[in-house]
Amino acid sequence: EAMAMAPKDSKARVVWVLIDGLGDLSINEYEGNTPLAEAFTPFLDLVARAGASGLMDPVEPGLACGSDTAHLSLFGYDPREYYRGRGAF
């Protein structure tokens, strides 16, 4: 819907929102919900409704990786080649 309102001659613009560690753990005090599920998030909800969201395997399917290697991969660098340790970040 938002793209339909954009002028036809305009260049595509991308806003990339990466919220690292968002998964969190469920908490008994929140009846088994996560803090995010309990939070008041109208602006995040708006961004999610207007865009595309989902889960991904940043390096390769089935490879559990940390934020450092995942971020390298998201920016186009193969962490197996370019990773130098967390201190570089």
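Exposed here means over 50% relative accessible area, buried means under 20%, and partly exposed sits in between. Keep that in mind while looking through this predicted model.

**A serine in a loop**

Start with S53, which lies in the loop between α3 and α4. Its relative accessible area is 64%, so S53 counts as exposed. Along the chain, S53 and V17 are 36 residues apart, and their C-alpha atoms are separated by 9.5 Å.

**The salt bridges**

Side chains of opposite charge can pair when their charged atoms come close. How many salt bridges turn up when the whole structure is searched? The search gives 2, and here they are:

| Salt bridge | N to O distance |
|---|---|
| E60 and R80 | 2.7 Å |
| D78 and R80 | 3.1 Å |

Because they share partners, these salt bridges tie E60, D78 and R80 into one network.

Where do E60 and R80 sit? E60 belongs to the loop between α3 (42-50) and α4 (67-74), while R80 is in helix α5 (residues 79-82). The two are 20 residues apart, so this pair links distant parts of the chain.

**How open is the network?**

R80 has 57% relative accessibility, which is why it counts as exposed.

Note on methods: Residues are numbered from 1 along each chain as its sequence is written. This is a predicted model: local features need pLDDT of at least 70, side-chain atom pairs count only at pLDDT 80 or more; totals for chains, interfaces and linings use all residues. Side-chain values use heavy atoms; hydrogens and water are left out. A salt bridge is a side-chain nitrogen of Lys or Arg within 4 Å of a carboxyl oxygen of Asp or Glu. Helices (H or I, at least four residues) and strands (E, at least two) are DSSP runs, numbered from the N terminus. Buried means under 20% relative accessible area, exposed over 50%, partly exposed in between (1.4 Å probe, protein chains only).
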